[in-house]
Amino acid sequence: MSIVNIKTWAMIFLVISQTLFIETSSSKLDPFAVKKKRMSDKVRKMFYHAYDNYMMYAFPHDELKPLTKTYTNSLSELGNLKLEHLPQEYNGTALTLIESLSSLVIMGNETEFEKSVLWLSENLSFDVDARINLFECNIRVLGGLVSAHILATDSTNRFTEKGSYRNQLLVLAEELGNRFLPAFDTPTGLPYAWVNLKYGVMEKETTETSTSGCGSLILEMGALSHLTGDPRFESAALRALRKLWSMRSSLNLLGTTLDVQTGEWIEYSSGIGAGVDSFYEYLLKAHLLFGREEFWRMFQSAYLAVQKYFRHGPWYHEADMRTGRATYWQLTSLQAFWPGLQVLAGDIAAANSSHREFFHVWQQFGVLPERYLLDHQMLHPTEKYYPLRPELAESTFYLYQATKDPWYLEVGESIVDSLNLHTRVEAGFASIRDVTTMELEDHQHSFFLAETCKYLYLLFDDSFLANKNYVFTTEGHPLPILSSWHERLPEAYIPSNWTSLKGEEQEKRASAMTMKICPALNCGNGRQPVESICHVPDARAHHRCLADEDCGVDSISCRRRSCSISGYCGLWLSV
């Protein structure tokens, strides 16, 4: 054997040996390291199968139609169920590319990220005659641009050192934000659901919007204000959010749809699903991102109301905001985000309970149907589709981060296998039109790359999050938690406040949510265990009482317990 061949084999041996050593060492630290590596590689391949086919057949249009290998300019169609007032000359804004930017960074592909950013810098324009849904454009386009700008200027990213990035994405985001502002010009400050990017609010525009539509703008528009120094964006979103909160009922519940001109509710029934979901999400995440106690107080009141009036065991039904009485008993796929939000709030037990039920439905059908009628234990007759939604994967990621329970890795693997089995086609991933037949629909939604693949990847490889602290928007775009964005550091994050409230009696009678700690941290030291975020134990372990003040808050329903005539605490008033 020649000297050259010996050197070649020696180099190969060293590389293989080093790889084996690294894998063996990491396996000792994490017994699931090999599985995580295998699964993260599998998810990476899924992402690039979707991304590469979009770039080949649909770019620079909005979204891919994988069955016919063509495209759709769908930004103006999002939220537009009747497909009214569609633009004639709109040719797309590379929506899927914008949505993919942060995923490219998370998966370590800085080369493609830089290439995409430069293309958008040179080609993207919002001076188009297109009527768009404010909420959808905010979370997808504005959120995507703001997040990508932050990632492009991160100190660990070499992009800015090359001199080719000069805040072009922020310039685009600011332009888009300015085109949003006319929508907020209403007597109530609540924004129109629809705005034309070129001409503003059109004549005779509908005044109906949803709770999510006007209450889920604060993260993206707030971040834009902090980055540009222009307070108008955050002020507009904050005014709308405050107005919306002022419209809550005496039960701290909100409806689903309302009129932006009059400030009157149109639909009084609501839940934690479509039309309301991200409102709750943004209250808590805005508190984390901007540090305002105002957001925490809103979230605390809203969360307890949801647990009290919507929750039935592990499920959540809908109820009338005025009375709290149940209206619709149904599971919707969008509700699957809720366990993830509960993890952020620290209510792990409740999150796990609901997540397991969602996953049981996933196993039953192979994917999560859009709507399932709980009272009839059957699919909704017309909403039997699955459009590649990310919410179950999102909650699975959060629960694994919080518990490190390997069962959630099994859930993630099951989701990945189902997606590959039922939705993968030659030119991408297709939505499912009917979960009973697995008939496919010719649409690959941009959120499949922005969220579904991202959360599945982070479940198995969270190296992007090492030594960093991010809030993910409702579209999965990461925004960093920065002290410079906080008015002051929230008391919840000061170590001296992590233990308990002062005073033994006060400490004993406070809920975990009031103390801003995870319920699990409020156990031990001879105290009664706190089972959920709203649970307040009875004053005495044997549940005897002299007055209602001796009774706590039920851990399941979050209802106040009362003292019976025989001297025992219970849910007597709700019987």
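The disulfide of Cys 545 and Cys 563 is right-handed, because the torsion about its S-S bond is about 95 degrees. The sulfur atoms of Cys 545 and Cys 563 lie 2.1 Å apart, a disulfide being defined as a pair of cysteine sulfur atoms within 2.5 Å. This pair links distant parts of the chain, with Cys 545 in the loop between α18 and β21 and Cys 563 in strand β21, 18 residues apart. Helices (H or I, at least four residues) and strands (E, at least two) are DSSP runs, numbered from the N terminus. Both Cys 545 and Cys 563 are buried, where buried denotes under 20% relative accessible area, exposed over 50%, and partly exposed in between (1.4 Å probe, protein chains only).

The structure is a predicted model, in which local features need pLDDT of at least 70 and side-chain atom pairs count only at pLDDT 80 or more, whereas totals for chains, interfaces and linings use all residues. Residues are numbered from 1 along each chain as its sequence is written, and side-chain values use heavy atoms, with hydrogens and water left out.

A search of the whole structure finds three disulfides. Cys 534 and Cys 558 form one of them, with their sulfur atoms 2.0 Å apart. Both cysteines of this pair are placed in the loop between α18 (512-515) and β21 (562-563), 24 residues apart. The link of Cys 534 and Cys 558 is left-handed, with -80 degrees about the S-S bond. Cys 534 is buried because its relative accessible area is 3%, and Cys 558 counts as buried at 9% relative accessibility.

A further disulfide is formed by Cys 551 and Cys 569, whose sulfur atoms are 2.1 Å apart. The torsion about the S-S bond of Cys 551 and Cys 569 is about -85 degrees, so this disulfide is left-handed. Cys 551 lies in the loop between α18 and β21 and Cys 569 in strand β22 (residues 569-570), so the pair ties together parts that are 18 residues apart in sequence. Cys 551 counts as buried at 0% relative accessibility, and Cys 569 counts as buried at 7%. When the bonded cysteines of the protein chain are numbered in sequence order, the pairing is 1-4, 2-5, 3-6.

The largest nonpolar core has 158 residues, and those with the most contacts inside it include Phe 113, Tyr 280, Phe 310 and Trp 338. Helix α5 (residues 134-152) gives the most to this core, with 12 residues. A nonpolar core is a set of buried Ala, Val, Leu, Ile, Met, Phe, Trp, Tyr and Cys residues joined through side-chain atoms within 4.5 Å. Leaving aside neighbours within four places in sequence, Phe 310 is in contact with residues including Leu 253, Ile 272, Tyr 280 and Trp 315, contact meaning heavy atoms within 4.5 Å.

Three strands form an open antiparallel sheet in the order β12-β13-β14, with pairing requiring that DSSP find at least two bridges between two strands. Two bridges join β13 (residues 371-373) to β14, and Tyr 372 stands opposite Leu 379 in β14.

His 443 is located in the loop between β18 (439-441) and α16 (447-460). His 443 counts as buried because its relative accessibility is 15%. Beyond neighbours within four places in sequence, the contacts of His 443 include Glu 63, Pro 66, Leu 388 and Phe 429.
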